[in-house]
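Good morning. Please look at the model on the screen while I go through its interfaces.

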Amino acid sequence: MGDLSRWHSLTQSFQNFVDYYRGTNISYAAITVSTILFGVNGFFSPVWIRFFLGGGAVTIFSLSVIYKYWEGKPFGVSVDTTPSHLVDGNRQPDKMGERRDIALIQNGEVLLHGNVLLSRFSDQFVLNIDSSEDINAELRAIPRSEHDYNPRTNVLKCDNVTEYEFPITIEVFPNRSVAEGGRYFWLEISDGRSSRLLEKFDVINVDP
Amino acid sequence: MAVSNLRRADTVGPSLAERIEISSGAQLSIQSLIFEGVEPLVEDYPFSDQQIIRGSFLYDEPSEYTSGREIDVDFEYRSGSQLFILELDTDVRSLDSVVQSLTEAIPQEFIIYRNLHAPEDALWSFLEHADRILEIDILDEGQEVPYDEVEGVPREEVIGNFAIEKAEVGFNVEEHSIMVRYQGGDLQINSDWEYGREYIIQIFEREVLADA
């Protein structure tokens, strides 16, 4: 699991930003408007109109990118987890569930196991784990000794990062019976600094 | 041979020792409760000042088909390392229900977590302190795999880096043998030696729970 190279960190952060940007409404609006302006730009010959339209297109697009970057940063954190269950005493991943962002609670539990990847340029991180009230999502183990975990607020953080890649295990279990609490819940892992959503699951309790 | 189950606990406000007052409830009746200090058995023990609350209670295990049975449970709470230990001679259907009834019987806010919240890298070094490794299974993308069978990763690189799903190791202290099993976030200790349990707990506290 060696250390990330700086180049890899840059490409990873860039990829995280692109995925984030593409998912926003502003990107849709900005790219549409910019494209229209740029297209209309081709019909005019006076320089000042071309300058205005072309410049407008570039400006609108750039502003949307800058705004979204500023709003969603840092992009150097990514989390990727797989739900898993105990099957005959052996833990198996639920790949189908992972593809659909669904974590099924079977026999009272589901374990989310995965990796957290930090960019080489980060020196700290804050991860928030939030879930619906009738389920508990608890870290099974704190990934590294340099991390701080508050089980009450469910926040994992580190002020002085030296390890840029580590596994994370989150145990999810209901705290009420199906009759009292229902079956449908959610879980979200987000960056504590920007509130940017990193991972999200629909949690469904399929126990009788 | 009693099995000790370790979990992490948390108290709010003044120390539990000062305010504890466990009342008996519908499913639980307290048999005894004592407060004592700790006698270090290992070198560089960081929690020599902590308070230990030991007690025992009778747990009424509910059953749909029979009238249920009463189970003897010993427990211990260690204020310095925030370790909560449960000891039973028989298997229960759900350790969590036993924990639940205990938390309900304690009036002030006292949470017993499902897991130890131990740092994973410190857990690895605790396991490396053992004299015998019987099995260590790690998680690779949600799949449980023995630690020496991870595809493409040599054993030395697995140690300290991957998440541990379960591990069974043995410690030898003089002529005594202690078996320790870590599984799904909690620890079980099995030993015929009367100090075996305390010895392992202290090593665990020193290696894993003490602040770096």
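I will take the contact between the chains, then the domains of each chain.

Some ground rules. This is a predicted model, where local features need pLDDT of at least 70 and side-chain atom pairs count only at pLDDT 80 or more, while totals for chains, interfaces and linings use all residues. Residues are numbered from 1 along each chain as its sequence is written, chains are lettered from A and ligands numbered from 1 in the order in which they are written, and side-chain values use heavy atoms, with hydrogens and water left out.

Let us begin with chain A against chain B. Contact means heavy atoms within 4.5 Å. By that rule, chain A contributes 30 residues and chain B contributes 32 residues. The size of an interface is often given as the accessible area lost when the parts come together. Buried area here is the accessible area, with a 1.4 Å probe, that two parts lose on being put together, summed over both. For chain A and chain B that is about 2,500 Å², with 43% from carbon and sulfur atoms.

How many salt bridges are found across the interface of chain A and chain B? The rule finds 5, a salt bridge being a side-chain nitrogen of Lys or Arg within 4 Å of a carboxyl oxygen of Asp or Glu. B:D10 and A:R152 form a salt bridge through their side chains, at 3.1 Å from N to O. On the side of chain A that touches chain B, the elements giving two or more residues include strand 1 (77-87) and strand 9 (165-174) of chain A. Helices (H or I, at least four residues) and strands (E, at least two) are DSSP runs, numbered from the N terminus. That side of chain A has 12 nonpolar, 9 polar and 9 charged residues. Ala, Val, Leu, Ile, Met, Phe, Trp, Tyr, Cys and Pro count as nonpolar, Asp, Glu, Lys and Arg as charged, and the others, Gly among them, as polar.

Now the domains of chain A. The assignment, which is automatic or from a database, gives domain 1 (6-72) and domain 2 (77-205). Their C-alpha centres are 34 Å apart. Each of the two domains of chain A puts 9 residues into the contact. The area buried between them is about 770 Å², and carbon and sulfur atoms give 55% of it. In domain 1 of chain A, A:R6, A:S9 and A:N16 lose the most area to domain 2 of chain A, together 52% of what that side buries. Between these domains the count is 0 salt bridges. Helix 1 of chain A gives the most to the domain 1 side, with 7 residues.

Last, chain B, which has 5 helices and 11 strands. Its domain assignment gives domain 1 (3-112) and domain 2 (120-209). Into their contact go 23 residues from domain 1 of chain B and 16 residues from domain 2 of chain B. About 1,700 Å² is buried there, 55% of it from carbon and sulfur atoms. B:L6, B:L41 and B:V42 supply 32% of the area that domain 1 of chain B buries against domain 2 of chain B, more than any other three residues. Here the count is 4 salt bridges. The side chains of B:R197 and B:E87 form a salt bridge at 2.2 Å, N to O. Strand 1 (3-11) of chain B is one of the elements that supply at least two residues of the domain 1 side, and strand 1 of chain B gives the most, with 5 residues.
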